[in-house]
Amino acid sequence: MHRRSLIGSLALTALPAAAQEPGLRDIAARRGIAFGCAVNGRLLRADAPYAASVAREAGLLVPEGGGKWNAVQPEPGRFSLDSLQPILDFAAMHGQAVRGHTLVWHTALPRWVWEARLTPAGAEALLRNHVAGTLALTRGRIADWDVANEAIADPDVLPDQDLRDSIWQRALGVHYLDIAFRAAREADPALRLVLNEYGVEASWPRADEKRARLLRTLRGMLERGVPVQALGVQAHMPLDQPFAPAPFARFLREIRAMGLDVLLTELDVIEPEKAVLREQDIPARDAAVAERAHAVVATALAEGCRTVLTWGLADPYSWTNAWAPARRPDGAEVRALPLDRDFRRKPMWHALARAFEGR
Ligand code: XIL
């Protein structure tokens, strides 16, 4: 602990920036690309080596949980920056931008929202109020928000319906998206309004169908004049799902042709049960993870994506250690992220650096 905090504080304060090796943020920035990661505000304060690596590697931060409804409006009408403030402060200190995640989602809702009996008019008022109240606090400090997250239904779960079942969809249908994006534009005219989604990267029929659903949904919104400006592709990449650049590139081209920006918002590589190499085969595991990360990032960059974030930075902090479908059956730590448990750079770090350099 002593050694760690000593190294951490040295990295933060004593070393002149020029003496540090360039981080992914610098390597990406040289090509006009913003690189960043999801962070936990509490850890930024409490864990010095963690904070030092976030300062070194990330030019852009997104709160892993601090921007969700249950954190921002825990009680009706009480809007709080408590969990975002440490991230905004850290970013200001280290010349980093912050993006927001997420105004509307089917989960991470406080109990009072789950328990509200939502009529369409009530749901609309609640949504508008949450969007306006949140953006009133972050306007001028956060220029990019995931207005809605994971709106599209997984085809294997709902074969006949484009939108995921949620309290918002049940009360308002597709109009909940229109309402949220319009309210966001009203509350902050300068904000980039992003729709964020997963499950649209792989080359298999399930992703083909989800891409089609997402394209239909975005086209509908644009036809109705809804101010959506970008698609966030989460890019959680399970190794048992095949990935080939061509179908993903084609999809991104269609998105870009609609006038939308593309971001990779939550990159990590998952070794699910079927794809698991032995825990001890670290070089083979890391090579597989790095190869997948390079493939998806290089494809996105070639199609005009200029923003890439990983969901966390170092393996022990990855949400995939806790999320049942991504956890290794042997319980070993995941190798999903660019840095290892000692904040050393892994092959995935080098794969990202190469992708940013166009190699
Ligand atoms: C995850 C966080 O990483 C976890 O800590 C939390 O318990 C659940 O949410 N897609 C998203 C993110 O859009 O908000 C999720 O984050 C990961 C999947």
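Entry 1, the model. I am working with a predicted model.

I looked up the volume of the largest pocket and got about 840 Å³. I then listed the lining of the largest pocket, which comes to 32 residues. Nearest the centre of the pocket I noted Y198, H236, I270, W319 and W323. Sorted by class, the lining has 14 nonpolar, 11 charged and seven polar residues.

Entry 3, elements in the lining. Which elements supply at least two residues each to the lining of the largest pocket? I found helix α11 (205–223) and the strands β8 (236–238) and β9 (261–270). The most comes from α11, which gives three residues.

Entry 4, the place of the ligand. I asked where the ligand sits, and the space it takes is the largest pocket. Around the ligand I recorded E64, K68, H101, W105, N149, E150, Q234, H236, E266, W311 and W319. By class, this shell divides into four charged, four polar and three nonpolar residues.

I checked side-chain N or O atoms against oxygen atoms of the ligand. For E64, I read 2.5 Å between such a side-chain atom and a ligand oxygen. For K68, the corresponding distance to an oxygen of the ligand is 2.8 Å. For E266, I read 2.9 Å, again to a ligand oxygen atom. I also looked up how much of the ligand is covered: taken alone, the ligand exposes 420 Å², and the protein buries 70% of that.

I found a cis peptide bond between H101 and T102, with omega at about 0°. T102 belongs to strand β4, residues 100–104.

Which residue has a positive phi although it is not a glycine? I noted A235, with phi at about 65°. I placed A235 in the loop between β7 (230–233) and β8.

How values were computed
Residues are numbered from 1 along each chain as its sequence is written. This is a predicted model: local features need pLDDT of at least 70, side-chain atom pairs count only at pLDDT 80 or more; totals for chains, interfaces and linings use all residues. Side-chain values use heavy atoms; hydrogens and water are left out. On a 1 Å grid over the protein atoms alone, a cavity is a set of points where a 1.4 Å probe fits but cannot get out, and a pocket is an open set with protein on both sides within 12 Å along at least five of seven lines; lining residues have an atom within 4 Å of a point. Grid points are joined across faces, edges and corners, and a volume is the space filled by probe spheres set on the points. Helices (H or I, at least four residues) and strands (E, at least two) are DSSP runs, numbered from the N terminus. Ala, Val, Leu, Ile, Met, Phe, Trp, Tyr, Cys and Pro count as nonpolar, Asp, Glu, Lys and Arg as charged, and the others, Gly among them, as polar. A residue is near a molecule or strand if one of its heavy atoms lies within 4 Å of it. A polar contact is a pair of N or O atoms within 3.5 Å; within protein, one must be able to donate a hydrogen and the other to accept it, and residues adjacent in sequence count only if both atoms are side-chain atoms. Accessible areas come from the Shrake-Rupley method with a 1.4 Å probe; for residues, only the protein chains shown count as cover. A molecule sits in a cavity or pocket if more than half of its atoms lie within 2 Å of its grid points.
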